[in-house]
Structures are given as structure tokens and as C-alpha cells.
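Good morning, colleagues. Please look at the sequence and the structure on the screen while I take you through a few of its features.

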Amino acid sequence: MSNIDRRSLVKGSLAAMMAGAAFSRGAFAQSSEPILLGVSGPLTGPNAQYGTQWKQGFDLALDEIQAAGGINGRKLAYQFEDSQSDPRQSVAIAQKFVSNPAIVLELGDFSSPASMAASPIYQRAGLVQFGFTNSHPDFTKGGDFMWSTSVSQADEQPLLASYAVRRLGLKKLAVLHLNTDWGRTSRDYFVNAAKEYGAEIVVTEGYIAEERDFRSTLVRVRDANPDGLILISYYSDGALIARQARQVGLKQVICAASSVYSPKFLELGGEAVEDVHVGTRYFPEDPRPEVQKFISGFKKKYNGLEPDAFNAYAYDAMNMAAAVVRIGGTDRKAIREAFTKVKDVPSVIFGTATFDVATRRVKGAMNAELVVRKGQFALWDGKPT
Amino acid sequence: MPSWSFARASSRSGTASRPDPTAGAGAPAAFLSTRGSSVSSWLDYTINGLIVGNVYALVAVGLALIFGVSRLINFAQGSIYLVGAYIGWVAVVQLHTPLPLTIIVVAAAAAIVGLIIERFGLRPLQNSVRIAPLLATIGISFVLDQLVMLTFSPNPRALPSQLPDVRFQVGGGTIGPLDLLIAGVGLTSALLLFVFLRYSKLGWAVRAASQDRDAAMQMGVDVNRVNQAVFGIAAALGGVSGMLVGMYYNQIDTAMSLQATLKGVVAEVVGGAGNVPGAVIGSLLLGLVESYGVAVFGTSYRNLFAFLLLVVVLVLRPNGLFASARQAPPEPLTGTFIAPSRPVRIPRWALAVAAAIFAILPFFPVSFYVLQTLINAWLLGMLALSLTLVAGTMGQVSLGHAALLAIGAYTSALLSLTLNVPVGLAVIGGGLMSAALGTLLISPSFRLRGHYVSIATLAIGEIVSLVILNWESVTRGPIGISGIPPLSLFGYDLISPSSIYWFSFVVMAVLALLQGRLLTSHLGRSFRAIRDDDIAARAYGLSLNRYKSLAFIFGGFAAGVSGGIAAHLYSYINHETFNTQQSILALTVVILGGLGNVVGAIVGAVALVGLPEVFRIAAEYRILIYGIVLLLLVRFRPQGLLGTI
């Protein structure tokens, strides 16, 4: 895992800027029209909350990009089309975007069925589909126009396993996971890594996203007699499980994946999430400049609201899109090539992000080991809970 | 436990750090034998089942009350529950009201919402076809859910409990005062309603109206007032339950509405539709079955047991577990459920011209976006043809039709991927599998009538989806199937939007022509005879089950082909691709177009795929507008745009 290194960071952003400057002369026709990105994501329907979080992250990044002079004098803007995470609508949106010559790059969709149903259309039309929350292992296999900055679960889960097993010393783990493509893939990577580190997996339980009641599941967990609970959950279900675990009398250490990292997790979980350990990609006191800029900018723009993981993904994605457009200009093929060239883009999640051209993903997510103390996420001090 | 995905993934990439295939060691079967649960665990499972059953009871009682009087499954009940939860949030978090006041505020506000729904949404429809109010409640639930989402944003919120945080040790776990309050509210309201219905004058009027509306009116019962009272009470109860459940989980969000309705409907029907005390017992039973299901097989099988319970109860005791033997049949004997109307006559030449225009459309400079939207409409049109046949012509209103899509899609995808069957044949294979499996699955519910068919098909749809999620060795579970080859015909790939457009248009047109031919044949007349009066039809020697099977075989084929084409179009499917919303959408299309009406199904599909696209400029408001348009259509054309055939 990459560690925070200020020098390489500065160098990286300098390189990106220089590259941008060099390309700008040829690639940009003088125009006052903004450069347009297409976003396909849920604004209504069951996943609507994630679409609104994307918007917050995008808008903050765009404010910063415009303030810094835009893309060589031109503004960057996005057109958000609501797909409800429904594949039927995401394919129509895909046709809409590919046939609109103003759109140079597409971001999204949120769920795998909606995103991957649209992939063939983007691939055939030669418009990059930049799926920044698409952790499905097959997403970037849809074609060479599919790129993703989603943290690969092959990358993230061993970090969580290391936190739980090596650092917290847990030996018998119960894994509760969302039974979606993301949760299932994550679970398998986690289980594999945890075993490698010497832990035993005593029970795994997959639950559907709409589930609210976990009491009976937790009795199963209790009977398996684990010394730690692993939650591969989003913040709302993670908070529910933590609350109900305490209600049914489970006092074991709880360790959760980074997707619960949200102020909502604290709000919804209340006292029950106290002492929950979370492996995350960044944390509020993180001294990295891109993190500080992100958090202070976010709080300022949204009245003191703390950003969460999905805000950060969207913020990073927009910054990456800007870096790519700086190199590739407004030509779709050149933008596809720019993904192979873009280097060391400052990123909240990765520190600096560079694509692995073979997998079209980014490796080397940052790692922070947090714990909830007094209703706040804090860096874990190494003390047992 | 087969773990297909990794075997496949590693064979492709060959990287070293892949998880080993034994990662799925938490297989339910393994736990069944190796991990004996102690007696105290079973006590805990029982307690937990009762606790969650308690929660379901609150919704089920409201549904039962409304069903008892109006013979209507109120799909808006979950939305009222949602509204109640958010009003509770405003009261608790913003106004800091004490609990008793909060309950009164929520009950009053929700009751007002209920009265508005009754007065403006449902009362204008009381003399129209029986199916119209059902569609209206679906439209109302869209509108209410969207209003809440727009007002409060879709982010989940915490709804703190206002009761002291004391926990009582029961078994291995604890229960809190909220558990007791929820149980108290559920039981008290059921008891009060029981007393009200049995001993008060208005209660008698309610029961009289539920047994025979017209007779009650002749006896001087003000049926509208009865309906008002019922909707007010049910809505107040729904609102309070939403608030209490929100406090119970310390979490409210806009997605809670549909789940609440689904579980409430299951509990209510298990207890006997319209039977208030039965709804409470049905809810507790549902909670117990789910809890024991989790105990024995694992969490991912939980809802499977809920819906299996429903199907078993429906098949063995269609009036619910607690119906008395003398109870009158809950549905009318003859087909007033789907009233015939005069269909709009469209001249043949007009249809031919319309078909010709759509056929040559790709030659004109229309954007790929328009073509893709129409492809979606043709695919939905095939599903609607299928549903309009079984629901409209045959009278079996199915709420689980997305399952047929899923069966067709998975069959076609797996045939072409694993057996290298050419895509054209694989799609036909998907249609055949859907016809066979769909008919087999639905056959136990052939003896049901009216709403019960809808509920049974709803359950079967959910069961199919859960089986797809859990049967990993075949369906690849939640990981889904990716890399499905594109459509092709005689060795030519159909990947350009125009060629996919023509392909789906031609397939739909052929299916539509066949179905039109069928309707005018002897077979079509037999179908309608069964729909209109199944006793008379039987007296004339028609075998009901055989004809129902024939309708489902034909309908299953059309839906399966639609699903198969969609799978190859999307290249990736998983258990979420064909969800309950798709079933509800299909039914909306069919009712909108006119039940049994072939042209209507296609017109409805174009309208319901097109409208949300047209409203795209309205961004977040588009589903709200869509819901309002739907309500207006139901209000002014309850027999559908083109009328029932």
C-alpha cells in the first residue's frame, strides 16, 4: 500500500499540470461552451440517496476546477440523467449520451445490472464509461472503454482482514455481508485473506439490501461463537446490525468495511456503533493536503456536513475526469488514450491515482484504521476495545 | 457450496491472489448438520420471530381493515406508513413533542392523508371496473413516496425513540419498551377494531357494506361514510406504525414503503384477507416462519420462507388460516372483477399504417436514443402481451410477471454461454422454458380467484427471484451472469440499434398477430367465457385448468422471449435485473392499454416507457409527474385507453 508521501504528490500534480498545458494548444478549440460529461445514476427509486451523494461530490470538485481556471479556460459541466439504477433506463441513457457529440466522457451507473447493461453501447460507440463505484470484477472486462476508480475488493478486503486479524488479534470471525455482487465478491476476498492471516471463519451470512431485522441472524452468529463480527455492509444496514447485535446481547468486537464510513452511520447507529472498527481510505485528521482540501471544502459548501465515502468517490471521479480531459481534449478516442497516460492524479482514496492499463483499474488504495470513539470516527490508538 | 465466480475468474486472469473456491464454506447445509442449536437458541428464535411479527402486524391490520370493506389491496398503505414515519420525524426532531402527543399528531395527519386518498383517489372510481382502484392505489403510492423523497431527500434519517432506554433480559437477548409498545398498539388496535366491527352501529354498517354494498345502500347505510371511516382508521394506524417501526430501528428512509406493503400483504392473506384478528396472528406466524427459516437454512433464505408460507396457505386454505367454513366466498362468483367495456375500434388500415411507419422508422434521421427507447417499449410490449392474455383475456391478474422474464433471460443466457447454443435458438429456448416452468409454478394457484391470484403470483415472482439469488451453482447467485453474447441471427450479430430495433419489433409484431388471431378463435372465446363466468363455462364442459394452462403457456413464451432478448441486449443480468417493480409496471401497462386488448398492450408499453423519458427534463420530479399522469388516466379512462376486450 502506498503511504502518504508529500513529495511524490507534488511531483505528480505538477506532471499532470504540465501534461495538460502541453496538450492544450492543439486539442482545444476556443469555445465558451462548457465541456460536457454525461452522468447516468439514480436520482429517484431505491438507490436515490447515492445519486444525491454523487452530486454533492461532483459539485464540490467542479467548484474547485472552475476556480482554478477550468479546463484551459473552458468550464467543465455534467449532465445528470436519472436511471433509477434500472438497466432498461440506463441503456436508453447510454444511447442518448453516445449520440450527443457534446458529451466527451460518461460517468456511472451505480448498480452493476444498470452499469454493465449499458457497457456494450458505450464500447461500440467508443465513449469511455468511467464507472467509479463499479467494483464488480467483470465491469472493466466489458471492453477497453470501461475504466474504473472503484477500489478493487481484491485490494480493500485484505486490508480489512489485516486490521481485524493482525492488528485487533481476532481469531474466530463471523462475516455478515450484503448479498449483492459487491457484498459477495468482498466476502470471498475477505474470507480468503483472513484465513491466510490465520483466522477461522466460523459463519458467513448474506442478507438482502431491503432487510431490516437481523435478530435471528445474530442468534446464528452467537451460536457460532465468534470473537469478532465483520460487517460487509453499507452504512444504513451496518448501523441496524450493530444496534441489534447489542440488543441480542452480543458484545464482540465489530469491524466494518469502508462503505459504512459516513456520518449517517454514527447518527443511525447511536451508542451501538461506539467502538466499532472501520477500515477506511481516509479520515478527517488525515494530514494529506487533498484530504484536508476535500473535507474543509465539503463542510464549507454544505453547511458543516461531514463527507462520506460516496461523496469522496464522486469527488475523486470528477477530478480524475478533469485530469483526463486536460490530456485528451474533447475527442472521445483521445480521451480513451488519455486514461492510459494520466498519472498521479491527487486523490482522496488513493493518495495519487494512476490506472493499471491492463486491468483499467487503480491499485493501491490508502489505508486508515479508525474506530468510533465518543460518537466520532477517530484514528485507532492501538488500544483494545 | 459451489463458488462458480472464482473458478471462472481465475481461469481467465490466472493471478495468484484470487480467493480459493472453498471461500463459501458458510454454506447453509453445512450448518444444518454440524451446528446443533441449543434449546435456548430456539427460544431466542421464537422470541425474535414474535418481535418482528409484531412489526408486520401493524401494517397488516390496516390492510385487512381496508380489504374487509372495499375488497381492495391497498398498495398505498406502505406509503402512508412512510408518510407517518416522516411526520413522526418532524414532530420528534424538529418540534420536540412528547411521545403521546407525537402519536396523536401522526395519527391525525395520516388519517387526513387517508381521507384525501379515499375522497379524491378512490371514490370517483367506485362505479368503474374493480381493477381500477387497485391501479389507483399503485399510482397514489408513487405520488406519496416521491413527495416524501422530494421533501426530505432520499438519505436515511435517524428517528430517535422517545421511550426510556431500559432493556429487559428475555432468553439470550433483550427486549425494550418499544417492543412492548408495538405489541400493545398492534393487539389493542386489533381488539378495538374487532369490538368496533361487532358492537358499534358504524361497525355493523362497515360489515354490511363489506358483505353486499348494494344491499347495504338499500338499507340506508351511507357507504361513503363507511369507506371514509375505514380509510381514516386504517391510515391513522398505518402512520403510527410507520413511526413506531422507524423508532424501533432508529432509521427511516423512502425505500421502506414497498417492503412494508409486501410483508403486510403476506401477513394479511395468511391470516385471512379482511380478518383483523387473523391479520395479527398471520403476522406473528410470518415472523416465526422467517425466524425459523433463518435458524435452519441461513439468512439468505429468509424471504423464501415467507413467500412459500403464503403460497402454501393460499393453495390449502385460500380464505386464510382463520376463515370460518361458513364464510361467504370473498370474491364474486362471476367476473365483475374485470368488467367488459366497449373497446375502441381501430380500423385495420390504420393499424397497418402505424405498423408500417414503425417498421421504416430507422430509415429516417431519428436518434439512437429514440430507437433504444422504442426497443425498450417493444420488449415491454411482449411482456404486456403475455400479461394481457392471462390477466385480461383469462382473468388471472398476475403480479409476478417479471419472474417469467427472469426465467427466459437466464435460460437464454446460460444456453448461449455454457452450451454455445446460437443466440436465436437460445432466445426461443428461453421462451419455451418460461412457458413450461411458469405454467408449472402457477398451476397450484389455478383454483384461486380474483385478488388471490394476484397475491399468489406476487409470491411466486418473489420465490423465483430468491431461488435465482440462492441457486449459485446454476445462476451464479448475486454475482450474476456477465459477458452474455449479443443478439445474432443466422450467424450475423445484431448490434446496431437499427437491427436490434427491427428484430424486437418483428418479434413483437408476430406475437401480437398470433395473439390477435387467438382471441378471435374458438380458444379465445373459451378464455373469455372462463373469465366472465367460470361456473357457466364449466357447465358447458370447458376444463378450466387446461385452458388456464394454455393461456400461461402462450403468455409465458412471449414473456420468456422478451427476457431472453433483454439478456442479450444487456450482456449482464443478475437477480435484481427483473424485480418486483417490473411486474407492477407490466400490470400498469396492461390496465392502461385495456385488459385483454392486444393493441392496447403495445400502446400502453410505448406510453409507459415513453412518458418517464419525456419527463426527463423534470429530473427528480419525473416519477412524481408520471404518478400523477397515471392517476389521471385511471380516473378518466378506468377501462384503459383502448378498452377491455
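I begin with a pair of helices in this predicted model. Helix H3 of chain A, residues 87–98, packs with helix H4 of chain A, residues 112–125, at an angle of about 25°, and their axes are 8 Å apart. Angles under 35 degrees count as roughly parallel, and H3(A) and H4(A) are therefore roughly parallel to each other. The crossing of H3(A) past H4(A) is right-handed.

Which residues meet there? On the side of H3(A), the residues include Pro87(A), Val91(A) and Ala94(A), and on the side of H4(A) they include Ala114(A), Ile121(A) and Tyr122(A). By class, this contact of H3(A) with H4(A) comprises 11 nonpolar and 3 polar residues, with no charged ones.

Let me turn to the domains. In the domain assignment, domain 1 of chain A covers 6–151 + 287–353, and domain 2 covers 153–280 + 368–379. Their C-alpha centres lie 30 Å apart. Between them, 8 residues of domain 1 of chain A are in contact with 12 residues of domain 2 of chain A. The domain 1 side of that contact has 3 nonpolar, 3 polar and 2 charged residues.

Next, the contact between chains. Chain A contributes 65 residues and chain B contributes 71 residues. The chain A side consists of 25 nonpolar, 20 polar and 20 charged residues.

Finally, confidence. Chain A has an average pLDDT of 87, and 91% of the residues score at least 70. Within chain A, helix H1, residues 6–27, has the lowest mean, 43, whereas strand S4, residues 129–130, has the highest, 96. Over residues 1–29 of chain A, pLDDT stays under 50. Where pLDDT is low, the predicted coordinates should not be read in detail.

Key. Residues numbered from 1 in each chain as written. Chains lettered and ligands numbered in written order. Predicted model: local features only at pLDDT ≥ 70, side-chain atom pairs only at ≥ 80, totals over all residues. pLDDT = per-residue confidence, 0-100. Helix = DSSP H or I, 4+ residues; strand = E, 2+ residues; numbered from the N terminus. Contact = placed C-beta atoms within 7 Å. Domains from an automatic or database assignment. Nonpolar A, V, L, I, M, F, W, Y, C, P; charged D, E, K, R; others polar. Axes fitted to C-alpha atoms, helices over the stretch in contact; angles between N-to-C directions. Parallel < 35°, antiparallel > 145°, perpendicular 65-115°, else oblique. Left-handed = near helix turned anticlockwise from the far one by under 90°.
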